Amino acid sequence: MFCEPDRTGYDLNFRLFGFPVRVHPFFWLCTLIFGESAWNPDRPEFLLGWMAVAFVSFLVHELGHAVAFRACGVGSHVVLYALGGLAVPWDHVNGRGKRVAVSLAGPGAGFVLAGLVWASNQATPWAGASLFTAFLYTQLLWINIVWGVVNLLPVFPLDGGRVSQEVCVGLLGRRGIRVALQLSVGTAGAVAVYSLLCLTAFAPLMAVLADAPWWVPVGGLWTLVLFGVLAHQSYQLLQQLSWTESHWEQ
Ligand SMILES: [Zn+2]
């Protein structure tokens, strides 16, 4: 998971700000599946609008990483794949602070985009022009803010997981890897449980969510699967670490 996918004959290739960008066909398939609720046979522009918003938002996120790599003197290319993407560096980034900055730059770029979208509507109100513009506006804010925050959770291999690893190792040395993985298992497990409770409409939670502000994300099947898999992955890494350490000591 989160490795660079192989090239296919259906890849879309272009350059943006000097960065090679490749869009894997699986990206379009995933945006199509996740935008399913926007589908209306009489108004196909809603689904197409959602796909365009997802494309721009994930591209801006990855370009945020790519620009930060460049600022560190490291080239990179961008791949959009599944519901997200990767900025693949061509060299190692030296310096813990720089690596943390590179990880934060993706969600940071999304927050800046959300801010610009919000400011543009404040300057010249456009979101209220029609149902469609209102849809584009809320989707742009939603993806860039909510997905940015979710991405900052200290879970491997999300951006927040990379940051927590750097911080924990910086503070605790070798032991930091174990602590960061434990944090990853705990957080991903908690999100998976939250998603399951949302999915089963657990009454006490529903009562709390009913009064929650609009931006509080409600878990669903995809967050349950994603964070369930990530919790399992981090748990396996933790087991491997224990095995390596016990054999190292003997
Ligand atoms: Zn990222």
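This is a predicted model: local features need pLDDT of at least 70, side-chain atom pairs count only at pLDDT 80 or more; totals for chains, interfaces and linings use all residues.
Student: How many aromatic pairs does the structure hold?

Tutor: The structure holds 11 aromatic pairs. One of them joins Phe27 and Trp28.

Student: What makes the pair of Phe27 and Trp28 edge-to-face?

Tutor: A pair of aromatic rings is described by the distance of the centres and the angle of the planes. For Phe27 and Trp28 the values are 5.3 Å centre to centre and 75° between the planes. Rings pair if their centres lie within 6.5 Å, and planes over 60 degrees apart count as edge-to-face. The pair of Phe27 and Trp28 is therefore edge-to-face.

Student: How is Trp28 classed, and why?

Tutor: Trp28 has a relative accessible area of 29%.

Student: Which residues are linked with Phe27 and Trp28 into a cluster?

Tutor: Ring pairs link Phe14, Phe55 and Phe58 with Phe27 and Trp28 into a cluster.

Student: Why is the pair of Phe34 and Trp222 called edge-to-face?

Tutor: The ring centres of Phe34 and Trp222 are 5.4 Å apart, and their planes stand at 85°. With 6.5 Å as the limit for a pair and over 60 degrees as the range for edge-to-face, the pair is therefore edge-to-face.

Student: What parts does the pair of Phe34 and Trp222 tie together?

Tutor: Phe34 lies in helix 1 (residues 25–34), whereas Trp222 lies in helix 8 (residues 221–249). The pair therefore ties together parts that are 188 residues apart in sequence.

Student: How are Phe34 and Trp222 classed by accessibility?

Tutor: Phe34 has a relative accessibility of 32% and counts as partly exposed. Trp222, at 38%, is partly exposed.

Student: Where does Gln122 lie, and how far is its C-alpha atom from that of Trp222?

Tutor: Gln122 is in helix 3 (residues 96–123). At 49% relative accessibility, Gln122 counts as partly exposed, because exposed requires over 50%. The C-alpha atoms of Gln122 and Trp222 are separated by 33 Å, and these residues are 100 residues apart along the chain.

Student: Which residues meet where helix 1 and helix 2 are in contact?

Tutor: In helix 1, Phe27, Trp28, Thr31, Leu32 and Phe34 take part. They meet Leu47, Trp50, Met51, Ala54, Phe55 and Phe58 in helix 2.

Student: What makes helix 6 and helix 7 roughly perpendicular?

Tutor: The axes of helix 6 (residues 175–199) and helix 7 (residues 203–210) cross at roughly 90° and come within 8 Å. That angle falls in the range of 65 to 115 degrees, so helix 6 and helix 7 are roughly perpendicular to each other. Tyr194, Leu197 and Cys198 in helix 6 meet Leu205, Met206 and Leu209 in helix 7.

Terms used: Residues are numbered from 1 along each chain as its sequence is written. Side-chain values use heavy atoms; hydrogens and water are left out. Rings of Phe, Tyr and Trp (its six-membered ring) pair if their centres lie within 6.5 Å; planes under 30 degrees apart count as stacked, over 60 as edge-to-face and the rest as tilted. Buried means under 20% relative accessible area, exposed over 50%, partly exposed in between (1.4 Å probe, protein chains only). Helices (H or I, at least four residues) and strands (E, at least two) are DSSP runs, numbered from the N terminus. Contact means heavy atoms within 4.5 Å. Axes are lines fitted to C-alpha atoms, for helices over the stretch in contact, and angles run from 0 to 180 degrees between N-to-C directions. Angles under 35 degrees count as roughly parallel, over 145 as roughly antiparallel, 65 to 115 as roughly perpendicular and the rest as oblique.
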